[in-house]
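Hi,

Here is the structure I promised to pass on. Have a look at it first, and my notes on what turned up follow below.

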Number of protein chains: 2
Amino acid sequence: MKLVEQIKQPILEEMELFESKFRESMATKVPLLNRITHYIIRRKGKQMRPMFVFLVAKMVSNGKFEERTYRGASIIELIHTATLVHDDVVDDSNRRRGFFSINALWKNKIAVLVGDFLLSKGLLLSIDNNDFDILKLISVAVREMSEGELLQIEKARKLDITEDIYFEIIRQKTATLIAACCGIGAASVGSPVEEVEKMRLFGELIGIAFQIKDDLFDYTDAKIGKPTGIDIKEQKMTLPLIYALNNCSDKDKKWLINSVKNHNKNKQRVKEVIAFVKEKGGIEYTTIRMKEYQSKALEILEIYPSSPYKDSLLNMVNYVIERKI
Amino acid sequence: MKLVEQIKQPILEEMELFESKFRESMATKVPLLNRITHYIIRRKGKQMRPMFVFLVAKMVSNGKFEERTYRGASIIELIHTATLVHDDVVDDSNRRRGFFSINALWKNKIAVLVGDFLLSKGLLLSIDNNDFDILKLISVAVREMSEGELLQIEKARKLDITEDIYFEIIRQKTATLIAACCGIGAASVGSPVEEVEKMRLFGELIGIAFQIKDDLFDYTDAKIGKPTGIDIKEQKMTLPLIYALNNCSDKDKKWLINSVKNHNKNKQRVKEVIAFVKEKGGIEYTTIRMKEYQSKALEILEIYPSSPYKDSLLNMVNYVIERKI
């Protein structure tokens, strides 16, 4: 059994019921819109976000489950789907999960409107049920994601980016939505605010570790058999490179900056940059930092008694660090 | 004094204070984002939406005013601005109110992210202050606007569109946001739900009349000295044409459908269609329907005692019908 399937085992029933509830949450009397939402349901992904919501809810409450938990997962998924539909418009992508994108099939105008519709349905689902705590968690995430992306556009190509800014970008851009999932899971079963905050932090730590792992793929050869070097080509400054820059001689620094700035399309030079970052300990340092986040996440789970839900969350944390893709 | 300036007189102070509060509501620590929001503030429009919020709030409460009223106006304006920024991406527009659009200056990706940021700031402004009644009014409007636009894309080019569908489209697409402004104005000063609903309906009636007037410009010569015929060229079925189609002989109907379907780029034929619609009483009928909505809107105001705020709202209703542009 694949690890993702194994993680899903203790919440199989809930995941199945979730699907029909999620479908209901998109209902509309506009026929065109109905055709599009049906298409969206058919191309669903791994559904990591609802899994986080359900596993956290069940772990903190010893298997308790509320209608609110389903709504929390639906809201997250509605807003996440809205974001994906808009992203494909922005990036002019034709494909998503092996299917054509909404903009490829129905054009940009319709895709943007579908995104807005899904977003408003998510908001109304929580407002109509007085789920204001859930709504707040998700709204903070929406704000942080847009801020994080914009901070990245502004800073990540500047060669003097600091570690602090790097961590701020990945916290906002990637970690905040996983944090919201875990916070919403706890809030949905009536956890006190301190526990909701603790679970939010748990999600944030995993999210940061997840993004560091992603950035490491650029310099290591796990993903597609060799280092990709894509970030270097795009002049995106990530932790391995930032570390190397801060820990080499002035002469080497000059060479490194010149390489990324002016020779980032030169395959040979990109290879040399990757080798240099490795030699300076950039991979090692980055891996240590990633594992720090992993440990902190695992620490938060320590106080909970053993349960299938906790086991799945532990597996999830380890999967994030050890995945090959 | 121009009519719009005259309408603004009784709320001049509030409108001024609103501007600084609206500016505050967009605050962020991301420098790029700050530059963009400053640019957005500089190119502000007539601000009809905050005017509706403030005038309704003051009329129903005899001049009372709450901090919540400012927040209501800011939320409406944040979400309306987000929509405009996204619209310009979708329509690939370079201009907005005589300024360059956000996508023209900063590219599509940044424009979509700025829209998402403004939207989340609007949500958080209401959530942080427990303005859940306001949030609900605005979320319903966001859903209806996207549904209305999609319904129009699906139906308005079909030649068998009914009057009912025409009214449903303009109610959702145009009237729902003005309805939300008026409902929020009342809700912000603590009106009972029945009054909030009445003010929402008042805004909806004006909004519908406003859109009918807009559609009339296609067939009358008020706007730019001659009928525009743009809707006919785009095969958009509006009330004057729908009425003519339903009130002519089968032979004429065939000719009309053929003209709109196959000869809509032919200037001479478009002129003939306009003349035919006039002759069949399409303009007259449409004007009558528009005035029905106007009367119903004015009727709602009857129970309120005379006040400068009520006078301004009466002026607003008449401006909608009598405007030349």
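In which hand does α8(B) pass α9(B)? The crossing is right-handed. One thing to keep in mind for this and everything else here is that the model is predicted.

Staying with that pair for a moment: α8 of chain B covers residues 163–188 and α9 of chain B covers residues 193–216, and the two pack at an angle of about 145° with their axes 7 Å apart. On the α8(B) side the contact includes I170(B), R171(B), T174(B), A175(B) and I178(B), and these belong to a list that runs on to A187(B). Sorted by class, the α8(B)–α9(B) contact has 14 nonpolar, six polar and four charged residues.

α9(B) has another partner worth a look. With α15 of chain B (residues 308–322) it packs at an angle of about 20°, the axes being 8 Å apart. That angle makes α9(B) and α15(B) roughly parallel. Their crossing is left-handed. From α9(B) the contact takes I206(B), A209(B), F210(B) and K213(B), and from α15(B) it takes V317(B), V320(B) and I321(B). By class, that contact of α9(B) with α15(B) comes to six nonpolar, no polar and one charged residues.

α11(A) passes α14(A) in a right-handed crossing. The residues that meet are L239(A), P240(A), L241(A), Y243(A) and A244(A) from α11(A), and G282(A), I283(A), Y285(A), T286(A) and R289(A) from α14(A). By class, the contact of α11(A) with α14(A) has seven nonpolar, two polar and one charged residues.

As for chain A as a whole, it has 15 helices and two strands. Its C-alpha trace spans about 65 × 50 × 35 Å along the principal axes. For 325 residues, a compact globule would have a radius of gyration near 20 Å, and chain A agrees with that at 21 Å.

Now for how the chains sit together. Chain B superposes on chain A by a rotation of 180° with 0.0 Å of shift along the axis, at an RMSD of 0.0 Å. The two copies are thus related as by a two-fold rotation axis. In chain B, the C-alpha nearest that axis belongs to F132(B), 4.1 Å from it.

At the interface, 33 residues of chain B are in contact with 33 residues of chain A. On the chain B side, α3 (31–42), α5 (67–90), α6 (102–128) and α7 (132–155) each supply at least two residues. α7(B) gives the most, with 14 residues. By class, the side of chain B that touches chain A has 19 nonpolar, six polar and eight charged residues. And 100% of the interface residues of chain B are also interface residues in chain A, so the copies meet through the same surface.

Cheers

Technical notes:
Residues are numbered from 1 along each chain as its sequence is written. Chains are lettered from A and ligands numbered from 1 in the order in which they are written. This is a predicted model: local features need pLDDT of at least 70, side-chain atom pairs count only at pLDDT 80 or more; totals for chains, interfaces and linings use all residues. Copies are superposed by least squares on the C-alpha atoms of residues with pLDDT of at least 70 in both. Two residues are in contact if their C-beta atoms, placed from the backbone, lie within 7 Å. A crossing is left-handed if the near helix is turned anticlockwise from the far one by less than a right angle, and right-handed if clockwise. Helices (H or I, at least four residues) and strands (E, at least two) are DSSP runs, numbered from the N terminus. Ala, Val, Leu, Ile, Met, Phe, Trp, Tyr, Cys and Pro count as nonpolar, Asp, Glu, Lys and Arg as charged, and the others, Gly among them, as polar. Axes are lines fitted to C-alpha atoms, for helices over the stretch in contact, and angles run from 0 to 180 degrees between N-to-C directions. The radius of gyration is taken over C-alpha atoms; the globule rule is 2.2 Å times the number of residues to the power 0.38. Angles under 35 degrees count as roughly parallel, over 145 as roughly antiparallel, 65 to 115 as roughly perpendicular and the rest as oblique.
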